[in-house]
Amino acid sequence: MADRRLSECIDDVISEYLSVGDPESCRDKLEKILTQGLNEQLEVIKEKSDSKFMLHPLNDHSLKAYTTLASAYKVCASDLLSVDSEIDRNQLNAFDMSRTSAAYSLLLAGATHHLFNSESSLIGSVANLWIGAGESLLFLSRSSGWSMCVNLGLIVPNLASAIKFKWSKSSLIDRIRTYISNGQINSSDFENVSSEFINYASNITHKVWGFLISDCHFLRSCKDPINFSWLMSTKSSCTMGVEVCVSKSYKTDMSYTHEPENSINICEEPTSTDDVVACLLLLGLHCLAYGGLLGSICYGPHSHEVSHVQNVLDREKNFVLHSREES
């Protein structure tokens with residue numbers, strides 16, 4: 001019953017968003033559901049008081065919410081940039097919205113990949129989501145909003161300097177592209193590449209996750225959007241459904257519930273803004289490449305999706321090499 005009610009709540013918010021087109025209202029309502037769950041007295045547990053029903057972060061209703069939130073924040077950013085008044089403040093706010101949109105895209109891709117490990121039929125969906133997350137991160141790394149950091153007294157990143165990493169450090173990307181070009185990969189190589197990608201993506205995400213989630217209360221409760229081992233400490237016996245928690249105990253019974261901000265231990269972040277840009281760029285490139293590999297398995301190496309990924313990676317690599325020559 002709680003699962004049905006939560007599904008109805010999320011579907012109602014999404015339907016309102018699609019018909020009315022109010023992304024700000026949509027994001028507020030969806031994040032309230034994700035953060036506070038369902039505070040209702042249902043007949044099935046009428047003997048219990050103050051019951052709260054929380055969605056598991058990997059529940060399909062949660063994934064639906066992440067998809068919509070990534071879109072809503074992206075639309076909010078676009079709307080802010082289309083307004084002429086207070087252009088500086090709007091650009092800075094749009095930059096914040098783009099950060100949150102990229103964070104939800106990354107969380108959605110990571111969560112769906114976690115499910116893909118147990119359900120191979122999700123390969124098409126997870127391919128598109130990794131590609132989408134990669135493009136969001138690349139867009140953010142190129143955002144004009146970085147220039148607004150001047151108004152806050154922060155260092156403005158030198159993009160050319162930030163991306164002067166050795167392409168050899170991205171040998172994983174080159175190997176993935178080789179598999180794509182060959183049009184085939186055996187199961188052993190695929191498992192190795194997938195494991196290497198997830199480890200790399202998780203490690204580099206630790207460095208920028210605090211930056212991406214900004215002040216979003218729900219995202220701050222997600223300690224890692226790639227490696228979900230942090231969920232395993234939950235005392236709940238239900239791994240993917242709706243959790244019922246009673247009275248004050250719900251905050252300690254679920255490891256993924258919302259802790260005070262100062263108790264969240266996010267791995268150390270890059271020491272400069274240049275490092276943040278470089279990490280976002282590298283993470284975006286790897287997400288794109290891996291999504292392209294999954295796409296080549298699902299749709300073929302010459303499909304539109306895979307060709308698009310290859311073109312983007314070629315463009316980025318040429319940009320890196322050109323920047324190095326100029327220096």
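**Surface, core and pocket of a predicted model**

The protein chain exposes about 15,800 Å², and carbon and sulfur atoms supply 49% of that area. The model described here is predicted. Of the 327 residues in the protein chain, 50% are buried.

The secondary structure of the chain consists of 12 helices and two strands. Along the sequence these elements are arranged as α-α-β-α-α-α-α-α-α-α-β-α-α-α.

The largest nonpolar core contains 88 residues, and the members that touch the most others are Tyr104, Leu106, Trp130 and Leu212. Helix α11, which spans residues 273-299, gives the most to this core, contributing 14 residues. Apart from neighbours within four places in sequence, Leu212 is in contact with Arg99, Thr100, Ala102, Ala103, Leu106, Leu137, Leu140 and Leu280. One of these partners, Leu106, is also among the core members that touch the most others.

The largest pocket has a volume of about 470 Å³. Its lining comprises 26 residues, of which Lys74, Ser98, Ser101, Ser136 and Phe139 lie nearest the centre of the pocket. Helices α3 (60-81), α4 (87-116) and α5 (123-141) each supply at least two residues of this lining. By class, the lining of the largest pocket has 13 polar, 11 nonpolar and two charged residues.

Definitions and conventions
Residues are numbered from 1 along each chain as its sequence is written. This is a predicted model: local features need pLDDT of at least 70, side-chain atom pairs count only at pLDDT 80 or more; totals for chains, interfaces and linings use all residues. Side-chain values use heavy atoms; hydrogens and water are left out. Helices (H or I, at least four residues) and strands (E, at least two) are DSSP runs, numbered from the N terminus. Buried means under 20% relative accessible area, exposed over 50%, partly exposed in between (1.4 Å probe, protein chains only). Accessible areas come from the Shrake-Rupley method with a 1.4 Å probe; for residues, only the protein chains shown count as cover. A nonpolar core is a set of buried Ala, Val, Leu, Ile, Met, Phe, Trp, Tyr and Cys residues joined through side-chain atoms within 4.5 Å. Contact means heavy atoms within 4.5 Å. On a 1 Å grid over the protein atoms alone, a cavity is a set of points where a 1.4 Å probe fits but cannot get out, and a pocket is an open set with protein on both sides within 12 Å along at least five of seven lines; lining residues have an atom within 4 Å of a point. Grid points are joined across faces, edges and corners, and a volume is the space filled by probe spheres set on the points. Ala, Val, Leu, Ile, Met, Phe, Trp, Tyr, Cys and Pro count as nonpolar, Asp, Glu, Lys and Arg as charged, and the others, Gly among them, as polar.
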